[in-house]
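Trainee: I would like to go through how the labels on this model are assigned.
Mentor: Then let us take them one at a time.

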Amino acid sequence: MARDDRYMYRGGSVDWTVVAGARIDKEVQDKIRELQEKYPRQFTVQEVSREQLRQALTVAKHLEKRKAREAKEQARLERARDERVRREVRATENETRKKDIARVVSENVRAIEQARAEGKVFAARELSEAHRSAIRSMRKVRRYEKVQGRETVASLGLTGERARVMEDMLTQGRERQRAKVVRGIEAIGRESRDRQAAERTAMREAERLARQREVDARRRELVRQGVIRADLANVLDVIDKAQARVGDQVPPGLENIRQLRGGRERT
């Protein structure tokens, strides 16, 4: 009651409820009268019967339960809204990723065809990076679509073998729609492997020629010093050339008309 006194002193209002017939200590009764006299407009005391108190408590409990249910429902709605937003964001991201893959693959395939027509080539490293980037992005797309497919099938109430068949049908339909993109990714991969093989062949040939130049230089020095005759050196050269493995001619240039970085094009 001292706290109520300080509260009303600062301008607040206090309502007290007492039960008719209930025992109240004299000290409390005296303090109630004191507060009524001191704050006649701010301090009110209402007397209720035991039945009224029981009804009031019942109503209070009912209101508490209703508030708890409303709070629980509100939390459920908020979670559902957050999940819906997350789904929409993921769906948007996936659509953007699919469009980016299709665009980048198309541009890279077109650049490869143009380079081939002009007698130019891409470096294997650049093609390999473009191919790996496209593969990673496509894996993300397929993982997302697989989850979405399962959720779609579950929403239809399908289970067991029927669910599996429906999921397979959905997957096949998606793959048919992006068949051109998949072929483009495979084309980039083939070009990358071809360029890697060609560059390995070119490197081995360059190493062989370097070793042959060293041998030729030593032979010339031996001829100059008179250690071996010139005609013997010529015979050895013929033997070396006959034994040398002749690979495919390295395509000219090895210069890039574009650089493919992370599945995207950089001029």
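**Helix pairs and their labels**

Mentor: In this predicted model, the axes of α4 and helix α6 (residues 179–225) cross at roughly 150° and come within 8 Å.

Trainee: Why are α4 and α6 called roughly antiparallel to each other?

Mentor: Angles over 145 degrees count as roughly antiparallel. The axes of α4 and α6 cross at roughly 150°, and α4 and α6 are therefore roughly antiparallel to each other. The crossing of this pair, α4 and α6, is left-handed.

Trainee: Which residues of α4 and α6 meet?

Mentor: On the α4 side they are A124, L127, S128, A130, H131, A134, I135, M138 and R142, and on the α6 side V181, V182, I185, I188, G189, E191, S192, R195, Q196 and E199.

Trainee: What makes α4 and α5 oblique to each other?

Mentor: The axes of helix α4 (residues 124–155) and α5 cross at roughly 140° and come within 10 Å. Roughly antiparallel needs an angle over 145 degrees, roughly perpendicular covers 65 to 115, and roughly parallel needs an angle under 35; the rest count as oblique. With roughly 140° between the axes, α4 and α5 are therefore oblique to each other.

Trainee: Is the crossing of α4 and α5 left-handed or right-handed?

Mentor: The crossing of α4 and α5 is right-handed. The contact is made by R142, E145, K146, G149, R150 and V153 of α4, together with A163, M166, E167, L170, R174 and E175 of α5.

Trainee: Where does R174 lie, and what does R174 touch?

Mentor: R174 lies in helix α5, which spans residues 160–177. Leaving aside residues up to four places away in sequence, R174 touches E145 and K146.

Trainee: How do you know that a polar contact joins the side chains of R174 and E145?

Mentor: The cut-off for a pair of N or O atoms is within 3.5 Å. The side chains of R174 and E145 are joined at 3.2 Å, and the pair counts as a polar contact.

Trainee: How many helices and strands are in the chain?

Mentor: The chain has seven helices and four strands. Read from the N terminus on, the order is α-β-α-β-α-α-α-α-α-β-β.

Trainee: What percentage of the residues of the chain count as buried?

Mentor: Buried means under 20% relative accessible area. By that cut-off, 24% of the 267 residues of the chain count as buried. The accessible surface of the chain is about 19,500 Å², and carbon and sulfur atoms account for 51% of that surface.

Terms used:
Residues are numbered from 1 along each chain as its sequence is written. This is a predicted model: local features need pLDDT of at least 70, side-chain atom pairs count only at pLDDT 80 or more; totals for chains, interfaces and linings use all residues. Side-chain values use heavy atoms; hydrogens and water are left out. Helices (H or I, at least four residues) and strands (E, at least two) are DSSP runs, numbered from the N terminus. Buried means under 20% relative accessible area, exposed over 50%, partly exposed in between (1.4 Å probe, protein chains only). Accessible areas come from the Shrake-Rupley method with a 1.4 Å probe; for residues, only the protein chains shown count as cover. A polar contact is a pair of N or O atoms within 3.5 Å; within protein, one must be able to donate a hydrogen and the other to accept it, and residues adjacent in sequence count only if both atoms are side-chain atoms. Contact means heavy atoms within 4.5 Å. Axes are lines fitted to C-alpha atoms, for helices over the stretch in contact, and angles run from 0 to 180 degrees between N-to-C directions. A crossing is left-handed if the near helix is turned anticlockwise from the far one by less than a right angle, and right-handed if clockwise.
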